[in-house]
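I opened the notebook to record what I looked up in this structure. The entries follow in the order I made them.

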Amino acid sequence: MLSIKKYNKSMREEWDLFIIKSNNGTIFNTRKFLNYHINRKFKDYSLCFYNNKNLICVFPATINKADQKIISHPGASYGGLIIDTEIKFSTMNEIINLLINYCKKNNINSIFLINSPAIYWSDYDASLEYILEFNKFYSKEIYISHASQLNQKKPIIDYLDKRKRRYIKKFINNAEFKIIEHSSFADNYGKKFYNILNLNKQKYSTVPTHSIDELIKLKTIFPKQIKLFISLKNNCVVGGAVLFITNNNTSLVFYNAVEESIRQSQLAAYQLYYCANISEEKGMKFIDFGVSQEPENNNPLTPKISLIGFKEQFNSLGVWRRAYQKDFDV
């Protein structure tokens with residue numbers, strides 16, 4: 001028999017253990033990650049679904065009290081419904097109906113959820129999206145990212161286009177440049193990288209998703225899953241990348257920044273290649289290069305063609321991240 005419970009702090013360990021063994025969970029969905037926020041406070045409204053006493057699904061969520069709207073937790077890039085492995089279609093359908101009835105009973109006006117993209121699943125199952133649409137959830141937003149498949153028959157560099165391959169080989173053979181894995185955002189190297197990142201974002205009138213204090217804290221919480229790579233030219237920081245090992249399947253390049261003075265050097269491409277190589281060594285199936293939208297545009301979901309073209313040079317393909325919504329007549 002299925003039941004639904006609102007999350008409370010006593011369930012934290014059970015929740016995080018479930019995320020690790022789930023079909024489509026990532027570190028973004030763990031309570032460790034969701035609870036790290038320093039300057040942002042959320043009204044948690046996460047839900048847990050049980051089959052008898054077995055946890056089979058969680059929904060990391062918050063509630064906007066002003067309009068009684070449940071939303072995928074804003075502290076994570078995506079989340080939606082995180083489901084157990086080998087869950088049956090009929091059970092998934094019961095979960096959605098249980099969620100709908102729970103919301104109606106508790107005077108919720110709408111649900112907004114962003115499910116994990118297909119590349120983050122151990123075994124992707126389109127049943128969840130089908131059941132959502134069948135139950136009148138509609139597509140509210142669509143984001144486009146690009147990802148490359150790893151661990152194929154040839155080395156990563158052989159899948160790149162010829163021009164990009166030449167640039168990367170120049171960096172590999174250039175004694176002036178090197179990339180190091182660095183352990184902290186809190187010291188001189190880490191702060192210099194963040195300053196470069198911040199300046200990169202300012203060009204588009206945006207700021208990094210995380211403050212430097214948040215990155216310092218996250219790196220402490222996830223020392224192995226969050227990797228900071230610093231690019232040095234003659235031992236001076238000129239760029240870097242932040243790679244999240246999100247689960248056993250997929251890594252995500254969260255930040256990739258270079259100093260403006262060497263923007264044309266193709267260092268950004270070399271940093272992506274480096275992240276892909278590290279991800280392959282760790283047994284990842286995919287590396288996600290992140291969303292390719294124009295946040296400065298009137299429609300922030302407008303695809304950024306130049307950025308997409310840059311990522312496609314790494315033999316990447318488009319991956320969509322779809323946000324669903326359902327409205328209730330309460």
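**Entry 1: strand pairing**

I started with strand 8 (residues 138-149), which runs antiparallel to strand 14 (residues 317-327) and is joined to it by nine bridges. I noted that two strands count as paired if DSSP finds at least two bridges between them. Helices (H or I, at least four residues) and strands (E, at least two) are DSSP runs, numbered from the N terminus. Within this pair, I found Glu-141 bridged to Ala-323 of strand 14. Strand 8 also pairs with strand 13 (residues 286-291), in the antiparallel sense and over four bridges. There I found Gln-149 opposite Phe-286.

**Entry 2: where the model comes from**

The model is predicted: local features need pLDDT of at least 70, side-chain atom pairs count only at pLDDT 80 or more, and totals for chains, interfaces and linings use all residues. Residues are numbered from 1 along each chain as its sequence is written, and side-chain values use heavy atoms, with hydrogens and water left out.

**Entry 3: helix 1**

I asked which residues of helix 1 (residues 12-21) are buried. They are Trp-15, Asp-16, Phe-18 and Ile-19. Seen down the axis of helix 1, these buried residues fall within an arc of 160°, so they line one face. The arc is taken from the directions from the helix axis to the C-beta atoms. Buried means under 20% relative accessible area, exposed over 50%, and partly exposed in between (1.4 Å probe, protein chains only). On the other side of helix 1, I noted Glu-13, Leu-17 and Ile-20 as exposed. Among the elements that cover the buried residues of helix 1 are helix 2 (31-34) and strand 3 (54-59).

**Entry 4: Cys-103**

I found Cys-103 in helix 3 (residues 89-105). Is Cys-103 buried or exposed? Cys-103 counts as buried because its relative accessibility is 0%. Leaving aside neighbours within four places in sequence, Cys-103 is in contact (heavy atoms within 4.5 Å) with Ile-70, Ile-108, Ile-111 and Phe-328. Lys-69 is 34 residues from Cys-103 in sequence, and their C-alpha atoms are 9.5 Å apart.

**Entry 5: Asn-248**

I then looked up Asn-248, in the loop between strand 11 (236-245) and strand 12 (250-258). Asn-248 is exposed because its relative accessible area is 68%. Leaving aside neighbours within four places in sequence, Asn-248 is in contact with Gly-283 and Met-284. Its C-alpha atom is separated by 22 Å from that of Ser-72, 176 residues away along the chain.
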